[in-house]
Amino acid sequence: MNRRQLFLSTAKAALATTLTGLGFRVGAYGQKAPAVEFPNSTVLPAPTPRFAGVIEPNLVDSTPDWPPTIAPPVGAPNVLLILIDDAGYGSNSVFGGIVPTPTLEGLAQRGLRYTQMHNTALCSPTRAALLTGRNHHAVHYGTVSEAATGYPGYDSMTPPETAHVARTLKENGYATAWFGKAHNVPVWEATPAGPFNHWPVGQGYDYFYGFVGGDTSQWQPGNLFRNTTPIHPYNGKPGWNLNTAIADEAIEYINTQTATNPKRPWFIHYAPGATHAPHHPTPEWVEKISQMRLFDDGWNNVAERIFENQKRLGVVPPNAKLPPWPDDLLPRWENLSANQKRLYLRQIDIWAAYLAYTDHEIGRIIDTIEKLGQFDNTLIFFICGDNGMSAEGSLNGTPNEVAYFNGLTFTVEQMLPLIPVWGSERTYNHFAVPWAFALDTPYRWVKQVASHLGGTRTGMVVTWPQRIKDPGGIRNQFHHVIDIAPTILEAIGIPQPTIVNGIAQRPYDGVSLVYTWDRTNANVQSTRKTQYFEMLGNRAIYHDGWMANTVPAAPPWEGVRAHVPTDVLNGYEWELFNLAEDPTQTNDLSAHEPERLRMLQELWLIEAARNQVLPLNNSQVAVLTGARPGPATGRTQFVYTVPMIATQFAVAPSILNRSYRITAEIEVPQGGSNGVLVTQGGRFGGYGLYLKDGKPTFTINLIGIERPKWQGDEALSPGKHTIVFDWKMDQQGLPVARGGTGTLSVNGTPVAQQSLPKTLPFTWAWDETFDVGLDTGTSVDDTDYETPFPFTGKLEKITFDLGESSITPQAIRVMMELLAKKRDR
């Protein structure tokens, strides 16, 4: 062996020793890892496997070995998880409703109907439970994200110990996407500046197209994002509607995934804004449904017709009774005036058109899956409601849902002129409360009321032709949305993870539904024996066919005006029901079985402790006014030097319930200038500082009822100017909605001044954002300008200086005690 050969041999041996020490397999010719690999691991993500090729000094002598492509088990299905918003058990035609939903009917005919599926009675909590497989308090969503408080069960910050099922699927090779409503982002993180770890793209979804928040305009959604980028695709497109847009996006995603990699299955969470307010169907669907005259005989007869349908379809037990109409709370149809009937029929026709329109758009997605030949191996969950029907529209309904969260209502006379535009971009509309009760038939109560099945029971359809062989079957086992995630994993054959990204996972609270799929198991006992419920103080416990529950202290439509006890734990009455004999909670047995009631109350407390339910709260006032973390917290000055858009309300300077000063330093070019300097909100509530016809103007939009305006008499001349709006809040009065005096000045000289007896107490329109230099969405006064109305001068600086807030913990406690005292009188 010559010197060169000796050197190469020695170097090769040394390299082999080094690589072997690093975990590489050297000299194993022909031993390659599989090209595709299912991790089959409870630890995610799966670690990189050892290199199985051969490394020689020269590339030409070496053998490559690519890391395997991660993939789920062979034959794994696509998964489509559909969740409808604010729709009660009796809302759709599959579960007895009178609104035609042919897409849902077609799925039910090819799959299974579940008659005892349950949610949490409210939006964000149901979604958090559904997508993680854990109880909503356990994932920190005891209430909606806008009402978060600084306690583990309520802070709206989904912990890494409770990873979304999408994360598990993604780490097992699935493509993952979310379309529609994302109501699980902490409000102080809901900005284009992030952080994004609680956004869909941070929770395991490769792609997101939808809106961040509780609801939005379907015509001009101000909180719409593609991944984390704010978008406004409706600009310049009259008739554009988000309901169609999200279906288009989902269809494009499915087509792209199939064309690019047909062997890779996908998981899609599809969550349209429908049928949450505002109800915004297209005119074609309004005409189609209105011509059917579905509701002309009124809510009492509608409830009876739905109940008869449900009995005929077999989606309620034969011994079910229709609960009596709550005459102490709601009027009967026959006692209404002609104007009331005309208004209320228009309201419900618009809602019904919205539901039918949504069913149609989902049908386009199903058609796409079928045309691609993927329907038979697509597991579809169609959950018909994230809570019961919403009663947040007030007893008369409302043209502006923002009013509800400010404790304000509209009269029938105020709304009659709006009938022709109801459901259009001119309204942020909701229907009268009695319709919610009718469409929750056969169950009592509505959304927010977790103590009763009207708030928590929903229908569900599951379809997977390749596996489920009982088309048209009905399943009556008691289950909850927390059971969907473990069902998905068992159906695919993926183990539940114990560690995700190095974090030990809380075990799923849910149990799989797969045992119910075979026809032979259609009537087996449910594997879910116990389930607690709690929302805004209303609570219940289900155990082995019995349910103990509290009696609502106030109806949810009272909102911030509700007179509720401050001692939430001990201030409620309880009822007891045997659901096997009394499935609609009509026969209270608490007086006959006090020991059973006591046992169930104790069981509720055990579950509450296990799931972080305490401390209890039943007041919207407390949560709407509570302090939260984030970049706006504690700041008294905000400075903006460049145009910016899409800052959500919780990150913007809050001018409600305090004195404040807004200073705009600008330069007007030759020829003058116009445009928005700064604004928050829009057509349904907000404020704006802008130049109109060159004149400095400040407008406050008080939910469209009033629009106080301060305006200078003259257009600004070319050159630099300082515009100031100075609001001095009255020192006396309630801590919220106090009046005050506003002064608009230019270059130190007052040009307009007026006083207001009151302002808004709690919120501007939440789906429209804080914008500087232009206005996205809608304007605060449509007679003054059309969006985006960008400022045509030079914006040097916008400064907000905030005074002390009148909202303090002590002030809020006093308000809550006053409301409680009114209840006790």
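Student: Which residues does N243 touch, not counting residues up to four places away in sequence?
Tutor: The model is predicted: local features need pLDDT of at least 70, side-chain atom pairs count only at pLDDT 80 or more, and totals for chains, interfaces and linings use all residues. Residues are numbered from 1 along each chain as its sequence is written, and side-chain values use heavy atoms, leaving out hydrogens and water. A contact requires heavy atoms within 4.5 Å. With residues up to four places away in sequence set aside, N243 touches Q218, Y270, P272, A274, Y354, Y357, T358 and E361.

Student: With the side chain of which residue does the side chain of N243 make a polar contact?
Tutor: N243 belongs to helix 5; helices (H or I, at least four residues) and strands (E, at least two) are DSSP runs, numbered from the N terminus. A polar contact is a pair of N or O atoms within 3.5 Å; within protein, one must be able to donate a hydrogen and the other to accept it, and residues adjacent in sequence count only if both atoms are side-chain atoms. At 2.9 Å, the side-chain partner of N243 is T358.

Student: Is N243 buried or exposed?
Tutor: Buried means under 20% relative accessible area and exposed over 50%, with partly exposed in between (1.4 Å probe, protein chains only). The relative accessible area of N243 is 0%, so this residue is buried.

Student: What is the angle between the planes of Y207 and Y253?
Tutor: The structure holds 38 aromatic pairs. Rings of Phe, Tyr and Trp (its six-membered ring) pair if their centres lie within 6.5 Å; planes under 30 degrees apart count as stacked, over 60 as edge-to-face and the rest as tilted. Y207 and Y253 form a stacked pair, with a centre-to-centre distance of 6.0 Å and an angle between the planes of 20°.

Student: How many residues apart in sequence are the parts that the pair of Y207 and Y253 ties together?
Tutor: Y207 lies in strand 7 (residues 207-212), whereas Y253 lies in helix 5 (residues 242-260). The pair therefore ties together parts whose separation in sequence, in residues, is 46.

Student: How far apart in sequence are the parts that F478 and Y542 tie together?
Tutor: The ring centres of F478 and Y542 are 3.6 Å apart and their planes lie at 5°, so this pair is stacked. F478 is placed in the loop between strand 13 (473-475) and strand 14 (479-480), and Y542 in strand 18 (residues 538-543), so the pair ties together parts whose separation in sequence is 64 residues.

Student: Over the ring of which residue does the charged end of R596 sit?
Tutor: A charge sits over a ring if NZ of Lys or CZ of Arg is within 6 Å of the ring centre and within 35 degrees of the ring normal. R539 lies over the face of W604, at 5.6 Å from the ring centre. The charged end of R596 is 3.9 Å from the centre of its ring, that of W546.

Student: Which aromatic cluster contains F698?
Tutor: F698 is in strand 26 (residues 695-701) and, at 0% relative accessibility, counts as buried. Its contacts beyond four places in sequence include Y660, Y687, W710 and F725. The one aromatic cluster is formed by Y660, Y687, F698, W710, F725 and W764.

Student: Why is helix 3 largely enclosed by the rest of the structure?
Tutor: Helix 3 spans residues 123-132. It is largely enclosed because its buried residues number ten of ten.

Student: Over which residues is the pLDDT below 50?
Tutor: pLDDT is the predictor's confidence in each residue, from 0 to 100. The protein averages 95, and 95% of the residues score at least 70. The pLDDT is below 50 over residues 23-31.
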